[in-house]
Amino acid sequence: MKYLNYRYFIFLIISVIGFLFIYSNYFQKERIDFNTNSQVEEEKSSNSNIIKDIKYSSKDIKGNEYIILADEGEIDLNNSDVIFLKKVKAYINLIEKKENITVVSDFGKYNSANYDTIFSQNVKIKYLDNKIIGNYLDFSMKKNLLIISKDVVY
């Protein structure tokens with residue numbers, strides 16, 4: 001009977017050691033890999049430079065107001081002042097003349113340091129009773145200049 005208890009005890013110890021060996025080699029590695037993957041996903045999401053529902057507004061010395069809206073924007077990694085926009089709308093409110101200019105385009109490139117904006121693809125300008133269509137518009141608030149080019153229709 002003592003002999004049977006001794007064998008049972010050795011079998012129990014070997015089973016526990018085997019269980020610990022299997023657990024540490026297989027289950028714990030999967031657990032570490034899972035944690036590593038989730039950390040990578042968190043780092044990717046925190047490094048994202050996509051912004052939704054953008055609105056910038058500014059005024060010049062005369063009180064003219066410039067408002068630009070976009071569905072989505074992506075900050076330029078080389079220059080944080082520049083943001084690439086999608087589905088863009090801009091409003092230029094000329095206070096002295098009491099006139100408004102509306103610009104709509106598929107894409108834009110906005111510089112938050114100097115307010116310069118380039119609109120591209122399907123550019124539509126509405127000014128008073130005038131409608132202008134083109135594929136490229138360069139707007140500078142500081143220079144008080146708006147240039148439209150590429151397939152312009154008035």
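Rings of Phe, Tyr and Trp (its six-membered ring) pair if their centres lie within 6.5 Å; planes under 30 degrees apart count as stacked, over 60 as edge-to-face and the rest as tilted. I am working on a predicted model, where local features need pLDDT of at least 70, side-chain atom pairs count only at pLDDT 80 or more, and totals for chains, interfaces and linings use all residues. Residues are numbered from 1 along each chain as its sequence is written, and side-chain values use heavy atoms, with hydrogens and water left out.

Entry on rings. I looked up the aromatic pairs and found 3. One of them joins Tyr66 and Tyr110; this pair is tilted, with 6.5 Å centre to centre and 40° between the planes. Tyr66 belongs to strand S2 (residues 65–75) and Tyr110 to strand S4 (residues 99–111), 44 residues apart, so the pair links distant parts of the chain. Strands here are DSSP runs (E, at least two residues), numbered from the N terminus. I noted both Tyr66 and Tyr110 as buried (under 20% relative accessible area, 1.4 Å probe, protein chains only). Ring pairs join Tyr56, Tyr66, Tyr110 and Phe139 in a cluster.

Entry on strands. I checked which strands pair, which takes at least two DSSP bridges between them. S5 (residues 117–127) and S6 (residues 130–140) pair in the antiparallel sense over 9 bridges. Phe119 stands opposite Leu137 in S6. The hairpin of S5 and S6 has 2 residues between the strands, and Leu128 takes a positive phi near 55° there. S6 also pairs with S7 (residues 145–149), antiparallel, over 5 bridges. Asp138 has Ile147 in S7 as its bridge partner.

How values were computed:
Helices (H or I, at least four residues) and strands (E, at least two) are DSSP runs, numbered from the N terminus. Buried means under 20% relative accessible area, exposed over 50%, partly exposed in between (1.4 Å probe, protein chains only).
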